[in-house]
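These are my notebook entries on a single protein chain. I set down what I looked up and what I found.

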Amino acid sequence: MTDSPAVRVVVIDDHEMILQSVVRLLTADPKIAVVGTALTASAGLEIVSMELPDVVVIDYHLPDMDAPEAIKVLLEIHPLVKVVTFSGSERPGALYASVRAGSNAWVRKTRAIQELRNAILSVAAGEMYANEEMEAQPKLDQLIVHYQPVVALADGRIVGFEALVRWQHPERGLLFPEAFLPYAEDTGFVEEIDRWVRGEAIGQLAKWQPQFPMEPPLWMSVNLSASDIANPDLFKSITLVIDESGVRSTDVVVEVTESVLLDDSAGTADFLLRLKALGIGLALDDFGTAFSSISYLRRFPFDRLKLDMSFTAELPHSSRSMLLIEEICHMAESMKMKGIAEGIERQDQFDALSAAGWEYGQGYLFSRPLAAHGCEALFAKASLLPAIETQDAM
C-alpha cells in the first residue's frame, strides 16, 4: 500500500515574514508540499501558470490586486484549482467577497495553523470545509421569504405585506433573521441577501396583484440595512427589479430603521429623495426606539411611520404608552403619513390602538409571517380580525 502524494500548494502573501512562517509550518507537514510562493498576486499567478498546484493559499490583503479579483483571474486560468483565503482582516464583507469570487475556504491568520492545514487538505480532497464563520452564512438557495400582512384596523382587510427573510438550514431547520443577519451585516453578505429578498418579494407582488385585485392595489414593503444604504449601486438595483417585475413603483415600500439614519448623512437623504421622486413609499421602521426619532421625520421624506412593538406590548395597561401612541398617531396624521402599529398580538391591544386612531397594523393577532402559499389562503377571508368574523357569523 503506497501513501497518497502530498497536496501541492502555492502560498501568496503580502508580508514576507508571514509568508516564510506559513511556508515553514506547512512544509513540516508530510501531507503538504509547498511548490511555490509569492509576495504579490501577479507573481503568484505566474507561478501557478507554470506549475499547476492542488491548492492556492491567497492572502486577502494583496499589494497589487484585490484578493477577490485575483481569485477570479486565477480560476479563469485554472478552474480546477482550489483556493483557500488566508486573512488577518476584520474588514466587513471580506469573507463573503472572497467566497463569492470562488474561494473554497476562509481561515483567519489569528487562528492556529492547524486550521489552515485542515482547510487545505479538505478542499484538495473535494470535501466541504467550513469554520464557524462560514457556517453562519446561508447559501442563497437556502433562503426563503415569508410575508406578514398589514391590515386596515377598521375592517381587517389586507392592504399590503412586509417581506421577511428566513434561512431553511439543512440541519437546524427554519432560522429567523436574528440567528444569521447580524453576522451577515458584519461580513457584508446582508447586501446580497437583501438584493435577493427584493427580487423575490417584488416578483411575488407582481403575481398577487392580478390574482387578488383591490383598490388601492396591494403593496409590498422590503427592508434596507445600513450596508445597503452605503452601496452606491443600491438605487439602480431597486429600480431595475421594479422595472423587470412590471409593478408600479408606487406599490413598493422601502423600510429603514432609525439605526440606519444615525449618521444623518447627506447621501442617505439624497438616496431617499430619489426613491421618493419615483413614487416608491418610504417607511420609518421601529419608530420611537432612537433618541432623534422626531427629527428624522423632519429631515427625511417618509410617508409611513411604523410604531415600534415595544409600545404595543405595554397596551392597554400603561397610561403613559396610551398617551404616547395617541400623540404619535396625531403627529403622523398631521404630516399625512400612514401610521402602522407593529406587534399586535391581543384583542385588547387592537382595541387600544383603534381607539387611539391608528389606521393600520400588523402582528400575530392577524397572522404570523407565512410562505407565499399560506398568504394566498388569507385572501379568502373577508377580514383578519377574529372579533369581526365572530360578529359576522352570528
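**Entry 1. The chain as a whole**

I note at the outset that the model is predicted. I looked up the secondary structure and found 17 helices and 14 strands. The C-alpha atoms fill a box of roughly 85 × 50 × 40 Å along the principal axes. Of the 394 residues in the chain, 52% are buried. I then turned to the contacts with a separation of 6 or more, and 66% of them are accounted for by residues 24 or more positions apart.

**Entry 2. The nonpolar cores**

Which residues touch the most other members of the largest nonpolar core? I found Tyr 147, Phe 302 and Trp 358, in a core of 78 residues. Helix H8, residues 189–211, gives the largest share of this core, with 9 residues. Another core lies apart from it and has 23 residues, including Tyr 60, Leu 62, Leu 74 and Ala 101.

I followed Phe 302 further. Leaving out residues up to four places away in sequence, Phe 302 touches Val 256, Leu 261, Leu 272, Leu 282, Ala 283, Leu 284, Tyr 296, Leu 297 and Met 337.

I looked up which residues of helix H3, residues 67–77, are buried. They are Ala 67, Pro 68, Ala 70, Ile 71, Leu 74 and Leu 75. These residues lie on the same side of H3, because they cover an arc of only 160° around the axis.

**Entry 3. The largest pocket**

How much space lies in the largest pocket? I recorded about 960 Å³. The lining has 36 residues, and the closest to the centre of the pocket are Glu 162, Leu 164, Pro 177, Asn 223 and Asp 285. Strand S7 (158–169) supplies the largest share of this lining, 5 residues. Other elements that each supply at least two residues include helix H7 (181–187), H8 and strand S11 (281–287). By class, I counted 17 nonpolar, 8 polar and 11 charged residues in the lining of this pocket.

The largest cavity has a volume of about 40 Å³. Its lining consists of Glu 191, Arg 195, Arg 198, Asp 228, Asn 231, Asp 233, Leu 234 and Ser 237. Two or more of these residues come from H8 and from helix H10 (234–245), and H8 gives the most, with 3 residues. The lining of the largest cavity divides into 1 nonpolar, 2 polar and 5 charged residues.

The second largest cavity has a volume of about 30 Å³. Val 150, Trp 219, Ser 221, Val 253, Glu 255, Ala 283, Arg 304, Lys 306, Ile 340 and Gln 362 line this cavity. Strands S9 (219–223), S10 (252–257) and S12 (304–307) each give two or more residues to the lining. Here the classes are 5 nonpolar, 2 polar and 3 charged.

**Entry 4. Pro 149**

Is Pro 149 buried or exposed? Pro 149, in strand S6 (residues 143–152), has a relative accessible area of 1%, so it counts as buried. Apart from neighbours within four places in sequence, Pro 149 is in contact with Ile 158, Gly 160, Phe 161, Gly 361, Gln 362, Ser 367, Arg 368, Leu 378 and Leu 384. I also compared Pro 149 with Met 220: the two are 71 residues apart in sequence and 9.3 Å apart in space, C-alpha to C-alpha.

**Entry 5. Backbone details**

I looked for cis peptide bonds. The bond from Glu 215 to Pro 216 is cis, with omega near 0°, and Pro 216 sits in the loop between H8 and S9. Another cis bond joins Leu 315 and Pro 316; Pro 316 is in the loop between helix H13 (309–313) and helix H14 (319–334).

I then looked up positive phi angles. Asp 286 has a phi of about 55° although it is not a glycine, and its place is in strand S11. Asp 286 is partly exposed, at 25% relative accessibility. Lys 336 also has a positive phi of about 55° and is not a glycine. Lys 336 lies in the loop between H14 and strand S13 (338–341), and it is exposed, with a relative accessible area of 75%.

Terms used
Residues numbered from 1 in each chain as written. Predicted model: local features only at pLDDT ≥ 70, side-chain atom pairs only at ≥ 80, totals over all residues. Heavy atoms only, no water. Core = buried A, V, L, I, M, F, W, Y, C linked by side-chain atoms within 4.5 Å. Buried < 20%, exposed > 50% of the residue type's maximum accessible area, 1.4 Å probe, protein only. Helix = DSSP H or I, 4+ residues; strand = E, 2+ residues; numbered from the N terminus. Contact = heavy atoms within 4.5 Å. 1 Å grid on protein atoms, 1.4 Å probe; cavity = no way out; pocket = protein on both sides within 12 Å on 5 of 7 lines; lining within 4 Å. Points joined across faces, edges and corners; volume = space filled by probe spheres on them. Nonpolar A, V, L, I, M, F, W, Y, C, P; charged D, E, K, R; others polar. Arc of directions from axis to C-beta.
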